[in-house]
Amino acid sequence: MKSSKSTELIKIDEQTSKLPVKFNSKEINNALKLVDKDLYLQNREDVKKFLPDILGRVLARIWIDTNFKENFKSNPESVLSENGVFLPDDMILEFQKPNSDRPKIIVYEKKADSKFKVRVVQLQLVMIAGR
């Protein structure tokens, strides 16, 4: 008698499965885009609203694309603008721990008349496996 308990993480119906998926390079290029169209962030609220998702894509791309990682490491603001994301003038981007398994991107706001900077957004690549 066959046990009805399954230990599969994802149940796949082998009769209707379309695996393996065929590779389509156009879909890959679209998947690596940071934004669909140019995005001009105007203020702190825009940065807090839109940038976490975009920087999440940046961290994912850094994980798989070494050229992108090296470019981002040397000039993160330039890489964002080349990919259609434009930050307000009072925002500073820092890429920390670029050579570790857990790189971190922090966005600070620095007013022109101040010596201090205030953290607005922080993202870090963290790998979690569970069962």
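Contact means heavy atoms within 4.5 Å. Axes are lines fitted to C-alpha atoms, for helices over the stretch in contact, with angles between N-to-C directions running from 0 to 180 degrees. The model is predicted, so that local features need pLDDT of at least 70 and side-chain atom pairs count only at pLDDT 80 or more, while totals for chains, interfaces and linings use all residues. Residues are numbered from 1 along each chain as its sequence is written, and side-chain values use heavy atoms, with hydrogens and water left out.

**View 1. Helix α2 lies across β3, β4 and β5.** Helix α2 comprises residues 44-64 and runs at about 30° to β5. Helices (H or I, at least four residues) and strands (E, at least two) are DSSP runs numbered from the N terminus. The protein has 4 helices and 5 strands, and its pattern along the sequence is α-β-α-α-α-β-β-β-β.

**View 2. Strands β3, β4 and β5 form an open antiparallel sheet in the order β3-β4-β5.** Strands β3 (91-96) and β5 (118-124) each have a single partner strand and stand at the edges, so one side of each is left without a neighbour in the sheet. On average, neighbouring strands are turned by 20° against each other, direction ignored. Two strands pair if DSSP finds at least two bridges between them. Antiparallel β3 and β4 are joined by 6 bridges, and L93 stands opposite V107 in β4. Strand β4 (residues 104-109) is likewise joined to β5 by 6 bridges, with I106 opposite Q122 in β5.

**View 3. Side chains alternate along β3.** M91, L93 and F95 point to one face and are buried, where buried means under 20% relative accessible area (1.4 Å probe, protein chains only). Of the 131 residues of the protein, 29% count as buried.

**View 4. The largest pocket holds about 200 Å³ of space.** A pocket is an open set of points on a 1 Å grid over the protein atoms alone, where a 1.4 Å probe fits, with protein on both sides within 12 Å along at least five of seven lines; lining residues have an atom within 4 Å of a point. The volume is the space filled by probe spheres set on the points, which are joined across faces, edges and corners. Among the lining residues are L34, D36, K49, F50 and R57. Helix α2 gives the most to this lining, with 5 residues. The lining divides into 5 nonpolar, no polar and 6 charged residues; Ala, Val, Leu, Ile, Met, Phe, Trp, Tyr, Cys and Pro count as nonpolar, Asp, Glu, Lys and Arg as charged, and the others, Gly among them, as polar.

How values were computed:
Buried < 20%, exposed > 50% of the residue type's maximum accessible area, 1.4 Å probe, protein only.
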